[in-house]
Structures are given as structure tokens and as C-alpha cells.
Amino acid sequence: MALVTTTKGEMDDFLLEKKEGSVDNDNEYTTWVEYWLDGELVHRSVHVQLKKSVGLKVEAASFG
Amino acid sequence: MANTQAMCTSFMQELMTATHNFTTSTGNTFKAALYLASATVNASTTAYSSTGEVTGTNYTAGGVTVTNGTSPSSTNTSSTAGTAYWTPTASLTYTNVTLTTAFDAVLIYNSSSSNKAVSVHTFGSQTVTAGTFTLTMPSNTTSTALIRLATT
């Protein structure tokens, strides 16, 4: 049994329906967890792992 | 309207005017703000703006401070080429927030220097309800660091 922060305050997780999901692509690996109470979403947390950086190409010009 | 992952063009210019200092401890303070999927942040973004930024319970305008525990690094790969790179040393965490309008981008900016923009990073559109949004950084290497400057 664990407490979950929800829109209705902290609740025991056994009172809630838990849903989890993930997406994995070239840009990110994302997971999320949702808790529902009587058909109402009361908690959703998301964890995004970024995979791609932003790069800058630099160049020194040649003479001549 | 859409957000696009990019290094901000103004940031590239500002690198040549010593505007940004990524040195750990003694350098500038960088922050990370979240933007709605309906916003427009991209390479043309020059500074942080609250226009298009997420709003919601426990989210502070301007976002969170970036943890900078490691100064930029550089590696030479040959006598004519190399890469300089930098990555925040901790995840960006927005704790116990409710953000009900979809968001899909984070803007890194320099809060020590007129909030000048550094880079935009995008991800799949998300909402958060009484929960935590965590953005974990890529590994700090020459090929995956969050920001990389490489010779052609």
C-alpha cells in the first residue's frame, strides 16, 4: 500500500485504478503513470528521457 | 504554430560575444521553461518569454533552475576536428504540478544574461495531473550531450 498524490489529496493506491504506458522513438523514451478514481483522472506523472541533442557545426575558413 | 527542436540562432552569435558562461559554480544560471504545444519556440527564439509558456498549479513562470555540476568539455578527434559539449547534471523536475493544456517543449535560457535563449528541446505532447514531470538529460558525451559544438 502506498500513498499517491491526487487532485483530491493523498490517497491509498489500492483505492485507485492504475494505468501505465510508454513510448520509445529516436527522440525520447517516455513513461507515464495515471491513477483514476471512478472514471476521473486524479494523477498523471510523466518521465521523458531525451535522446537527441542539438548540435552546432563550426568551421574555420581557409585563406586563399 | 509548433515548437521545433533547435539551437537558438542568437545563442550562436552570443557565443562569439562571451554572453554565456557555462562554468560550474562561477558561471551563469540557466533555467528551463515548458511551452505549450500550441506555442512557437524554435531557432528564432532569442529570449525567454511567458507567451506560450505553460501555466498551472505549482508551476512557476520561468520554470526551474538547471543543475550545472560539470563545466563544458571538449575532445579532439583529429588534428583538424573536435567537439565541445555540455549537459545539465540532473534531470529537470517539475514537482506536484497540474498542467492540463498539452505541452511539448522546453526552452533552456540564461537567466543571468537577460534571459537570453540557448536551445529548444521537444518531446511528445504531455499533460500532468497532480504529478511530477521529469525530463532526464542525455549522456554527456561528444555524440549525445544536450549541446554540442563540432567542427565540420
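Among the contacts in chain A between residues at least 6 apart in sequence, 21% join residues at least 24 apart, where two residues are in contact if their C-beta atoms, placed from the backbone, lie within 7 Å. The structure is a predicted model, in which local features need pLDDT of at least 70 and side-chain atom pairs count only at pLDDT 80 or more, whereas totals for chains, interfaces and linings use all residues. Residues are numbered from 1 along each chain as its sequence is written, and chains are lettered from A and ligands numbered from 1 in the order in which they are written.

Chain A contains 0 helices and 6 strands, and its pattern along the sequence is β-β-β-β-β-β. Helices (H or I, at least four residues) and strands (E, at least two) are DSSP runs, numbered from the N terminus. The radius of gyration of chain A, taken over C-alpha atoms, is 21 Å, well over the 11 Å that the globule rule gives for 64 residues, so chain A is more spread out than a compact globule; the rule is 2.2 Å times the number of residues to the power 0.38. Along the principal axes, the C-alpha atoms of chain A fill a box of roughly 75 × 20 × 20 Å. Of the 64 residues in chain A, 20% are buried, a residue being buried if 20 or more other C-beta atoms lie within 10 Å of its own, with C-beta atoms placed from the backbone.

Between the chains, 26 residues of chain A are in contact with 31 residues of chain B. On the side of chain B that touches chain A, β1 (6-7), β7 (116-136) and β8 of chain B each supply at least two residues. The most is given by β7(B), with 15 residues. By class, this side of chain B has 15 nonpolar residues (Ala, Val, Leu, Ile, Met, Phe, Trp, Tyr, Cys and Pro), 15 polar residues (the others, Gly among them) and 1 charged residue (Asp, Glu, Lys and Arg).

An open sheet of 4 strands, with mixed pairing, has the order β6(A)-β8(B)-β5(B)-β4(B); two strands pair if DSSP finds at least two bridges between them. The edge strands, each pairing on one side only, are β6 (54-58) of chain A and β4 (73-76) of chain B. From one strand to the next, the twist averages 20°, with axes fitted as lines to C-alpha atoms and angles running from 0 to 180 degrees between N-to-C directions. Strand β6(A) runs parallel to β8 (residues 147-151) of chain B, and 5 bridges join the two. Within β8(B), Ala150(B) stands opposite Lys57(A), and Thr151(B) stands opposite Val58(A).

Terms used:
Buried ≥ 20, exposed ≤ 12 C-beta atoms within 10 Å, placed from the backbone.
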